Amino acid sequence: MSTLADTPAQPIAFTRNAREALADAQLRRNFRGAMDSLMDKRRNQFPDGDELERLRAFGNRVRARALSKLPDLLERLEANLARNGVQVHWAETVEEANAIVHGIAERHAAKKVIKGKSMVSEEMEMNHYLGARGVDCLESDMGEFIVQLREEKPSHIIMPAIHLNAGQVARLFHDKLDVDYTEDVDRLIQIGRETLRRNFFEADIGVSGVNFAIAETGTLLLVENEGNGRMSTTVPPVHIAVTGIEKVVENLRDVIPLLSLLTRSATGQPITTYVNMISGPRKADELDGPQEVHLVLLDNGRSQAFADGELRQTLNCIRCGACMNHCPVYTRIGGHAYGTVYPGPIGKIVTPHMLGLETTRDLPTASSMCGACGEVCPVKIPIPSLLRRLREEAVRAPAAEPQHMRGQGAKHSKKETLVWKAWRTLNTSPGLYRVAMYAGTRLRGLMPADIGPWTRYRSAPKPAARSLHELAREHLGAQ
Amino acid sequence: MSPLSPAPANATRVAPPLEAARRYPPKPADVYLFGTCVIDVFFPGAGMDAIHLLEREGIRVHFPQAQSCCGQPAYTSGYTDEAREVARAQLALFAGDWPVVIPSGSCAGMFRHHYFELFKDEPQTLKQVESLSARTFELAEFLLEVCKVRFEHTGAPVKLALHTSCSARREMNTHLHGRALLAQLAGVERVEHDHESECCGFGGSFSVRMPDISGAMVQDKTAALKGSGAAEVVSADCGCLLNINGCFEKQGDALRGEHLASFLLRRTASAGTGGAR
């Protein structure tokens, strides 16, 4: 698995990755089974379609309102966190974010970091960055722990090891952890927990993500099911939370609908086993908790999306993963084929802002525009519309004003532009269209049997002997 | 809008709007037919069958000969300017008061929902778009909700699977209209197929830009249709049919999908209408 840092300017080899994934029967079975199960679980959580629609509309407005006040809310968040004793750091790039985290580690002479699940830390490739500087990071979420052992990246934002089945995990644990081979899932989880347990006590720093950063109270809210998030944020002497700037919400009231939408859409749970609300380090009279709490707020391209009224909707995302669970493309190729931290539909619309359209030029194209993602999105991100917009940005002339995006025009081709201009002329000139239809139908015998990519899986379509225009003219007269 | 709280001024625009409870006009004497480019070239019979079905209900059909494409191929490929000019040409052709009936849910969705985006910066044109959008109906929807048809099945009983295009489903509720029409037919047993609501993999240019993913999707779709035990396959969208039938043919399978209009014309008689003029 190549890392993002290896391939900053080259386009991601998406089509090649996809072809390899499609040929992997085991992978396809694993994903289809897992996605079917996740879709069922979500459906069972929303038996009332009208209630779901009202809740989605509500969630959408809560997110839209938070984003409409984003700069103000971030300042209030910083002030209230500071009042609670949390140190807030701002990072425009992943390099800056990593340097901040490393700086904190250096100050504490930290050698060992235990991590709760955090996609932003994946965005930063924090494990790699700190590892290269002598600080070991250990993932404590079971799925993350498994992919770390395999030296892979997560294949799903909620379920990082969803591409594996129990047998594959059994072999991994047997090989890497020196335990007896067992496919008993309960036993496998027990093995993982035993391995992780002592690390919580040995770690110098705990790292976590954030699901919602609440401006009014200066609170970091974190949901999880395994208890590792609570351990990571309370046992080590220092806790560093990392998150994107878009995760801020105004107040605790706003969290209620979002939390309900998040867990029900993500894993089909009415609520997660743990809901952690972190409002500062250990106080003088308290026995537990970290002595220091830090929050790193990462931009990494989010401001670019924020600046455009339409693209801003990308930042509504609460990272539930429902869009990928329902995506016919993701279901068939899995998460790794995307070559990005965030796979699936949300990955296709968020990653171009992080990496630029040069690298991600093929991602917006990798959709049949079926709309399943937009239909299930709990905060009503119009994902297909945003994919279309990104396609438009990718094929525009690179120098055209205004400049909305990094890498604008990365897919621009004079040849294709000419083809579409010709298409426009054909479809706006009735005489020409009539001649073309006449020629197309009369010469249908000349249609080649092999028309490249289409005929790899289908026979070539054959034009009819006479067009509908002709038949209708005959039947209805010229109109 | 939800009653829970007022939307802020810059609330997220959700496009395209989903079809909520739509109000339908009384049955008209005249309609326009927009044939669509895929039907024009590859399935003209389906277009003619749609015309005959409408005529069977006593409606005069008008087919402006200058019509071409709704603009969707360029629109979804990101060539918005080109799509807009093609859309503009269609707008001018359907300017009268008659309803516009389209035997394709995805093209109907383009007229009904996406032209707003194309002409968002042209207030004058938007008035025409509003009129067109309000008058645009997918064929099955028009027959069911405007003509209020009562169809009777003729011929032998048949086991049938219905595939609905994704944009037709999500933008026009075509799956519900198709099911309701088929449910009128005593001789039709409609069978569900595996992952029925999943995309067939067509997606216009997606099928050639991402051929392997699209191929995997259509192979799963044809397998599901075959596995359903249906003897016939119908769909209200010829883009999907081009894809699905091409895959059946490539696999040497005899099964072919046909347009819902063709099936209805061939296998039903009209028993009059329930709606008042």
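Axes are lines fitted to C-alpha atoms, for helices over the stretch in contact, and angles run from 0 to 180 degrees between N-to-C directions. Helices (H or I, at least four residues) and strands (E, at least two) are DSSP runs, numbered from the N terminus. The model is predicted: local features need pLDDT of at least 70 and side-chain atom pairs count only at pLDDT 80 or more, whereas totals for chains, interfaces and linings use all residues. Residues are numbered from 1 along each chain as its sequence is written, and chains are lettered from A and ligands numbered from 1 in the order in which they are written.

**View 1. Packing of helix 20 and helix 21 of chain A.** Helix 20 (residues 414-428) and helix 21 (residues 430-442) of chain A pack with their axes 5 Å apart, at an angle of about 100 degrees. The two helices of chain A are therefore roughly perpendicular to each other (under 35 degrees counts as roughly parallel, over 145 as roughly antiparallel, 65 to 115 as roughly perpendicular and the rest as oblique). Helix 20 of chain A contributes T425(A), L426(A) and N427(A) to the contact, and helix 21 of chain A contributes L432(A), Y433(A) and A436(A); two residues are in contact if their C-beta atoms, placed from the backbone, lie within 7 Å. By class, this contact has four nonpolar, two polar and no charged residues (Ala, Val, Leu, Ile, Met, Phe, Trp, Tyr, Cys and Pro count as nonpolar, Asp, Glu, Lys and Arg as charged, and the others, Gly among them, as polar).

**View 2. Packing of helix 5 and helix 6 of chain B.** Helix 5 of chain B packs with helix 6 (residues 123-135) of chain B at an angle of about 160 degrees, and their axes are 8 Å apart. These two helices of chain B are therefore roughly antiparallel to each other. On the side of helix 5 of chain B, F111(B), R112(B), Y115(B) and F116(B) meet V129(B), L132(B) and S133(B) of helix 6 of chain B. The contact divides into five nonpolar, one polar and one charged residue.

**View 3. Domain 1 and domain 2 of chain B.** Chain B is divided into domain 1 (30-145) and domain 2 (150-270), with bounds that come from an automatic or database domain assignment. Their contact takes 30 residues from domain 1 and 25 residues from domain 2 of chain B. On the domain 1 side, helix 2 of chain B gives the largest share, seven residues.

**View 4. The contact of chain B with chain A.** Chain B gives 66 residues and chain A 64 residues.
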